[in-house]
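User: I have a model open and want to go through it with you. Can you start with how you decide what is buried?
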Amino acid sequence: MELTRSEELFTRAVKSVPGGVHSNSRFRNPHPIYYQKAEGAYLTDVDGNRSIDCIMGNGAIILGHNDPDFNERMQFYSTSGIVTGVETELSIKAAEKFLSMVPTAEQIRYTNTGTEAVMHAMAMSRTYTQKPDIAVIEGAYNGWHDAVFVSTWPDLQKAGEKSEPKSLPGASGLIEDVVKSTLVLPFNDLETAERLLTENKHRVAALIIEPTMIDIGYIPAKKEYLQGLRRICNQLNIVLVFDELLTGFRDSPGGAQGYYGVTPDLSTFGKAISNGYMLAALAGKASIFETVTPGKGTCSFVGTYNGHQVSLAASLAFMELYEEKQVFRTLQNRTEKLIAEFAKSAEKYQVKARMQGRGGHFHWYFTDREITDYRSATHSEKEKYAAFIAAFTQKGVYCSPNYLLHHAISVAHTDKIIQQLVEYMDASLQQTAGVKAGS
Ligand SMILES: Cc1ncc(COP(=O)(O)O)c(C=O)c1O
């Protein structure tokens, strides 16, 4: 693949932008690729290479890039000239529509990013329970702030026993005492979670959990595990927060809470709720929202861009089209097809690999072991993943070089494109078959 122009732009970019990227997750070795156009399922880079996008704005773009129906509908809702800083009927309409789609939530407040929505959830939970600390799930990413960027993709040499996971900083620069105060629980292990939460019940205000761990590929919770957490949080006065940044509108039209039938106290949404525009949300119980309600609560909830009118126009347009176009069913059928065909190819070439996913999110793991949490996911063989992704990329697919990240498609990934991906996966698996672990 010719990447001369990207290389030139990288040389120029590093002088003004650290690493040539505004989000470290976009960095690629030997240099990031720079893009000039997006249409439907395709991204075109500055060298003119056209790739099938299997990342789709980290899962945010569900209708496809530059979708004409979405653009038209969004335009319709954003003609007031108001950009931000005031409340409008649109702010209420978008909230009402969201709550009709996620009926387990009673109220909603909009923020700009998922990180902010999670920060608000934590402050509200501390206020509501009058307890100081947070519990997270080992391996999960819930944003980059001190209380939750803890044991995210941890080094297992340092992470302690599975039954007693250590609280490790996700990066440098976090407040050490805050990181240490965060309790880390294993995913899908109810017995350990119950013991650790009970031992720490006097200090834990909230447990935040991604019900399906998509930030490390695609690892669903066992239903009994989530049901058990719901019971324990009720018993111990802990606010149960579902981080639905990725599961939102993809695990089911009502998010993971709709899929599993377990109602959290609060949940955070973002990404797909506005088809790629900058918007996130915190939704949940009215009794907990009293902590930020003017005249009732003492907890802060402010932001210049909260309820930004362009993003809300995008969100309303998106939610309407999501229902009209039966987006979930389409994505789910296409994901099932990819998974079934991958399994056939893996069997044909005798590669120990599995593809897991739902609703347009998916990932490939190169192991035959069952994957139930972060620790089991790390059994996926990095070398085989790298070989597979190198072959796949070469065929013209934009995908993640990180062996524990997630992939996404949109409704613009038509049956024809899905068939193309099936053929590319098959050929890439054939090339991967001879690769040895550790090579
Ligand atoms: C599950 C999850 N939670 C929270 C976040 C943070 O959201 P944002 O990047 O909008 O701050 C992300 C982002 O990748 C995420 O995937």
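Analyst: A residue is buried if 20 or more other C-beta atoms lie within 10 Å of its own, exposed if 12 or fewer, and partly exposed in between, with C-beta atoms placed from the backbone. This is a predicted model, where local features need pLDDT of at least 70 and side-chain atom pairs count only at pLDDT 80 or more, while totals for chains, interfaces and linings use all residues. Residues are numbered from 1 along each chain as its sequence is written.

User: What share of the chain counts as buried?
Analyst: 47% of the 439 residues.

User: How many helices and strands are there?
Analyst: 14 helices and 16 strands. Helices (H or I, at least four residues) and strands (E, at least two) are DSSP runs numbered from the N terminus.

User: And how compact is the chain?
Analyst: As compact as a globular protein of that length, because its radius of gyration is 22 Å, close to the 22 Å that the globule rule gives for 439 residues. The radius is taken over C-alpha atoms, and the rule is 2.2 Å times the number of residues to the power 0.38. The C-alpha trace spans about 60 × 55 × 45 Å along its principal axes.

User: Now β11. Which strands does β11 pair with, and in what direction?
Analyst: β11 runs parallel to β10 (residues 239-243), with three bridges, and antiparallel to β12 (residues 280-284), with four bridges. Two strands pair if DSSP finds at least two bridges between them.

User: Which residues face each other there?
Analyst: Phe 242 has Ser 267 in β11 as its bridge partner, and Thr 268 stands opposite Leu 282 in β12.

User: Are the faces of β11 buried or exposed?
Analyst: Both faces of β11 (residues 266-269) are covered: Leu 266 and Thr 268 are buried on one side, Ser 267 and Phe 269 on the other.

User: Last one: what is the strand order in the four-stranded sheet?
Analyst: That open sheet has the order β1-β2-β3-β15, with mixed pairing. Its edge strands are β1 (35-39) and β15 (397-398), each pairing on one side only. Strands β2 (residues 42-45) and β3 (residues 50-53) run antiparallel, joined by three bridges, and Leu 43 stands opposite Ser 51 in β3.
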